[in-house]
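Here's a quick tour of one model, feature by feature. Have the sequence and the 3D view open as you read.

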Amino acid sequence: MATANIGFEEKLWSMADKLRGSMDAAEYKHVALGLLFLKYVSDAFEEKYEALKNEPYADPEDRDEYVAENIFWVPKEARWSHIKDNAKKPEIGQIIDNAMIAIEKENPSLKGVLPKDYARPALDKTRLGEVIDLFSFKVGDEESRSKDVLGRVYEYFLSKFASAEGKNGGEFYTPNSVVRLLVEMIQPFKGRVYDPCCGSGGMFVQSEKFVEEHQGRIGDIAVYGQESNPTTWKLCKMNLAIRGIDGNLGEHHADTFHNDLHKNLKADYILANPPFNISDWGGERLTEDTRWAYGVPPAGNANYAWIQHIVNKLAPSGVAGFVLANGSMSTSTTAEFEIRSKLVNADLVDCIVTLPGQLFYSTQIPVCLWFIAKNKAPKGLRDRRGEILFIDARKMGHMVDRTHRELSAEDIHKIADTYHAWRGQTEAGTYEDVKGFCKAAKLAEVQEHEYILTPGRYVGIEEVEEDSEPFEDKMVRLTSELAEQFAKSRQLEDEIRKRLGGIGFEF
């Protein structure tokens, strides 16, 4: 059985995709990822089993030997050798379902997590057998674990499924370059990391990678998450288990606004990519909520509910970085304007970054990153109270295909270093305003701009001779800005109608 090489994810995907046939990507996702998980736990188990067989006085059937090393106990009927031997049988679907049930029964932390509908008539059993053959390479032995072979395949498959599902893909996947930028900027070295809408867990995986790259230990951070979509919650549980990350995702999936599973948590780092502009989040049932310390968010848009939920969850020196739609920086609806002005006046907003369009699979909406800091004068960093850093990164990144853009490692470092230099981290160099790219603005200036947080307002225009922005890109940008302004004018119009109606002048 060949051990997979780095860079084989793509080959594997194209083969797995061929086997998908006419099955819907959303459905096939669980077939493929569930099998990969089964293969992983089986490899790790069988390697340990063989090692124990060769040790005098050791009993390979002793469960404690496995538990001690964070290896899941896999009963005989769930081991990959058994699955592979039966791959061509018509009842293979039932055999896999039984394997999943057996693993859950033996490992309480996986209860209710694994997919168990491989026996359904609609699933082509011949193709299923072919996928099993395809996945018969080493993914869970020690060498593969150290190279994170399965983690990388799992992540690559998630990104490909997100792309195939388009709009719905955004529900479980945040593009890797965006996650890396968030993590690099807030640097979660040690402490509690929280994601209130954690999808398939990309923020946690990247945080662990960050810790390991900086010579920390995987146990230096404690992971807390919540996810409202039941199938996505399961994907996340599997994703963390594959990587040996011991995360607290609550006992079940749940809505963060209406059933907060981490009520008393105060996190050192919060990373999040909440769903953009949700209108049906049930805000009208939460008007008295204690989280709304800066004003009640509008029932028609959850963006400012997410912001306040995040602020509420931060420890006294906590830092948060999260993705929001661009409208969040400038919305002028009464409630949102009031909340934004209070957040700015409370000196909680640390930095705003506008990103280029086309980074996301699920939306062409251009997005921005918000960074919130509870303490802007912590030990070891510059006192930056009364200041907000604005970074305009709309021109960064490169197109990886016709519709998707990515930020390169250099882009990520440039943005993160700018933020770190401004915060006073000596290793990042000295901070300077750069026209068209970054500006450290005083609160008074933001107040003059009526609390609008769009970096373009502050950084000025880069000194260039000609307009190098391609026409297509320019139109996408301008139309999205225009759409934002139209929406704003509609909101204002509704507000005026309402007020006039309130004093008896209907029209």
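Glutamate 61 counts as partly exposed, because its relative accessibility is 34% (buried means under 20% relative accessible area, exposed over 50%, partly exposed in between, with a 1.4 Å probe and protein chains only). Before going on, a word on the ground rules: this is a predicted model, where local features need pLDDT of at least 70 and side-chain atom pairs count only at pLDDT 80 or more, while totals for chains, interfaces and linings use all residues. Residues are numbered from 1 along each chain as its sequence is written, and side-chain values use heavy atoms, with hydrogens and water left out.

Back to glutamate 61: its side chain meets that of lysine 76 in a salt bridge, 3.9 Å from N to O (a salt bridge is a side-chain nitrogen of Lys or Arg within 4 Å of a carboxyl oxygen of Asp or Glu). Lysine 76 sits in the loop between helix 3 (63-67) and helix 4 (80-85), and glutamate 61 in the loop between helix 2 (25-53) and helix 3, so the pair ties together parts that are 15 residues apart in sequence. Helices (H or I, at least four residues) and strands (E, at least two) are DSSP runs, numbered from the N terminus. Lysine 76 is exposed, with a relative accessible area of 56%.

## Other charged pairs

How many salt bridges does the structure hold? There are 29 of them. One joins the side chains of glutamate 284 and arginine 285 at 3.9 Å, N to O, and both of these residues are exposed.

Arginine 382 and glutamate 387 also pair up, at 3.0 Å from N to O. Here arginine 382 is partly exposed at 31% relative accessibility, whereas glutamate 387 is buried at 10%. Elsewhere, Asp392, Arg394, Arg477 and Glu481 are linked in a network of salt bridges.

## The annotated N-terminal stretch

UniProt, in an unreviewed entry, puts the feature "domain: N6 adenine-specific DNA methyltransferase N-terminal" at residues 9-135. UniProt positions are given in the numbering used here, feature names are shortened, and annotations may be inferred rather than shown by experiment. Over residues 9-135, the chain is 61% helix and 0% strand, with its end C-alpha atoms 11 Å apart.

## Helix 9

Is helix 9 (residues 176-186) mostly covered or mostly open? Mostly covered: nine of its eleven residues are buried, including Val178, Leu181, Glu184 and Ile186. Just after helix 9, glutamine 187 takes a positive phi of about 45 degrees.

## Cysteines without a bond

You'll find zero disulfides here (a disulfide is a pair of cysteine sulfur atoms within 2.5 Å). The sulfur of cysteine 198 has its closest cysteine sulfur in cysteine 236, but 4.0 Å is too far for a bond. Cysteine 198 is buried, at 4% relative accessibility.

For cysteine 351, the closest cysteine sulfur belongs to cysteine 438, and the 9.5 Å between them is too far for a bond. Cysteine 351 is buried too, with a relative accessible area of 0%.

## A nonpolar patch

Leu492, Ile496, Leu500, Ile503 and Phe505 make a nonpolar surface patch of about 490 Å². Patches are made of residues with over 30% relative accessible area and no salt bridge: like charges are joined within 9 Å, nonpolar side chains (Val, Leu, Ile, Met, Phe, Trp, Tyr) within 5 Å. Accessible areas come from the Shrake-Rupley method with a 1.4 Å probe, and for residues, only the protein chains shown count as cover.

Isoleucine 503 is found in the segment after helix 17 (471-502). Isoleucine 503 counts as exposed, at 61% relative accessibility.
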